[in-house]
Amino acid sequence: MSKYLFVPIIAFSFHLHIYAQKSPAPVSEREAWVAYLDKVAKPVIKNLAEDRLKEAMRVELSPHIDNRESRTSVAYLEAFGRTFSGIAPWLNGEGGSKKETQLRDQYRQWTLKAIANAVNPSAKDYVIWDGGQPLVDASFFALGLIRSPWVWEHLDAGVQQQVVAALLKTRNTVPVYSNWLLFSGMIETFFCKYELPYDPVRMDYGLKEFSQHWYTGDGIFSDGMNFHLDYYNSYVIQPYLSVMLQVIAKKDNRYNAFAGQFDKIAERYAEIQERLINTDGSFPVTGRSIVYRGGAFQQLADMSLQKRLPASLSPAQVRSALAAVIRKTLDAPLTFNKEGWLNIGLYGHQPGIADFYITTGSLYLCSEIFLPLGLPAADEFWTSPAEPWTAVKVWSGQDVPADHALDLR
């Protein structure tokens, strides 16, 4: 055995031993992820199912908030749309342990009731669907419905009609000339997927801007006309483009050329994402919306869910890296308040790093890191032995292949 290989194995084993001492209860990585999902999602989904989300959720606002009343009023759709989007693949799945299956069945029932209340004008928890921020979070809700056909197919016909009516309200909002084009596009993608009348122009506009004008190179798109060093390629851009391209491909072949390029772009960005995760699960604190916590790695989680990871990344090393992010961001003291709601922050309660639009509801984008729970329990993502990710390998002395930029020419 190489002397260089021996050191990281010891270091990584030590890392796992320390974690096992801290959290001995979960007997498998998947069970640990399900437990985190439940801790994050339960206050949102259960309370909305009981028609008491607005009563139960104490909305914390960024100290830099721009419009206190408006931001508070839209926080409830924020919390629900983002949470649902992240747990939707798990809701759509089957199998797992008896405990997980029972929990999923409970969440399915809660989710059906939660949706019914969110779109029912007579319910106390009917949410606001008109306006700028509602466009954003209606799109996450639509993305959740795309990711979980089980949920859409098990809604009562009357509730389905109310869902459509609610989403149609978003057409009154003109999106900002940025990643917001994809919010309008995602809602139309939902209509397209379920054979409902849709506006192809709202899908085409975002797809063309990103494919023809906003790709900057090396696996990264700019967010509109200007490049920003943040995580929006993962929060929104690449996961949204991926879903839109997959759905529209069944109806129209005009985006096939871009889809082929996008596959390479997405693989490269997955490599970048994995390399951003430090040995302890921390990651660079750069760019706006950093309080979305693990949502910064939605793209890497989504590539795992779709089994589209590049050959350079094994599912086990990605699982280990994402697990480290989950623990780092959700185990920090004061991550949750006494009632179980997320506090504003990245590592605990840090309201000062919140942008002017951040509310309690915004924080639930962290649910996107749970996307791989949509994979079967028997999938190699869950069954393969834990592996060190790139940072662990390098910073424990192991020799690894050099990193290289993507050139599409």
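Trainee: So helices (H or I, at least four residues) and strands (E, at least two) are DSSP runs, numbered from the N terminus. Where does that put Glu 195?

Mentor: Glu 195 lies in the loop between helix 9 and helix 10 (200-212). Before we go on, this is a predicted model: local features need pLDDT of at least 70, side-chain atom pairs count only at pLDDT 80 or more, and totals for chains, interfaces and linings use all residues. Residues are numbered from 1 along each chain as its sequence is written, and side-chain values use heavy atoms, leaving out hydrogens and water.

Trainee: What's pLDDT, and what is the chain's average?

Mentor: pLDDT is the predictor's confidence in each residue, from 0 to 100. The chain averages 94, and 93% of the residues score at least 70.

Trainee: Which element has the lowest mean, and which the highest?

Mentor: Helix 1 (residues 3-22) has the lowest mean pLDDT, at 44, and helix 13 (residues 298-305) has the highest, at 99. Over residues 1-21 the pLDDT is below 50, and that stretch has 21 contacts in the model beyond near neighbours in sequence. Contact here means heavy atoms within 4.5 Å.

Trainee: Back to Glu 195: is it buried or exposed?

Mentor: Glu 195 is exposed, at 60% relative accessible area. Buried means under 20%, exposed over 50%, and partly exposed in between (1.4 Å probe, protein chains only).

Trainee: And what is its phi?

Mentor: The phi of Glu 195 is positive, about 60 degrees, although this residue is not a glycine. Most residues other than glycine have a negative phi. Asp 51 also has a positive phi, near 60 degrees, and is a residue other than glycine.

Trainee: Where do I find Asp 51, and is it buried or exposed?

Mentor: Look in the loop between helix 2 and helix 3 (53-56). Asp 51 counts as buried, with 17% relative accessibility.

Trainee: Switching to helix packing. How do helix 2 and helix 4 pack?

Mentor: Helix 2 (residues 29-49) and helix 4 (residues 68-92) meet at an angle of about 140 degrees, and their axes are 10 Å apart. Axes are lines fitted to C-alpha atoms, for helices over the stretch in contact, and angles run from 0 to 180 degrees between N-to-C directions.

Trainee: Which residues make that contact?

Mentor: Helix 2 brings Arg 30, Val 34, Leu 37, Ala 41, Val 44, Ile 45 and Leu 48. Helix 4 brings Ala 79, Phe 80, Thr 83, Ile 87 and Trp 90. By class, that is 10 nonpolar, one polar and one charged residues. Ala, Val, Leu, Ile, Met, Phe, Trp, Tyr, Cys and Pro count as nonpolar, Asp, Glu, Lys and Arg as charged, and the others, Gly among them, as polar.

Trainee: What does Gly 86 touch?

Mentor: Gly 86 sits in helix 4 and counts as buried, at 0% relative accessibility. Setting aside neighbours within four places in sequence, Gly 86 is in contact with Ser 367, Glu 368, Phe 370 and Leu 371. From Gly 86 to Lys 169 is 83 residues in sequence and 23 Å in space, C-alpha to C-alpha.

Trainee: What about helix 6 and helix 9: what angle and spacing?

Mentor: Helix 6 (residues 132-147) and helix 9 (residues 181-193) pack at about 30 degrees, with axes 8 Å apart. The residues in contact include Phe 140 and Leu 143 of helix 6 and Phe 183 and Met 186 of helix 9. Their contact has 12 nonpolar, three polar and one charged residues.

Trainee: And helix 6 with helix 11?

Mentor: Helix 11 (residues 232-248) packs on helix 6 at an angle of about 45 degrees, with the axes 12 Å apart. Among the residues that meet are Phe 140 and Leu 143 in helix 6 and Tyr 235 and Pro 239 in helix 11. The classes are 10 nonpolar, one polar and one charged.

Trainee: Which residues does Gln 299 touch?

Mentor: Gln 299 is in helix 13 and is buried, at 2% relative accessibility. Not counting residues up to four places away in sequence, Gln 299 touches Asn 233, Ser 234, Gln 238, Pro 239, Ala 266, Tyr 269, Ala 270 and Gln 273.

Trainee: Last one: where is Phe 356?

Mentor: Phe 356 is in the loop between helix 14 (315-330) and helix 15 (380-383). Phe 356 is partly exposed, at 42% relative accessible area. Apart from neighbours within four places in sequence, Phe 356 is in contact with Ser 62, His 64, Ile 65, Asp 66 and Arg 71.
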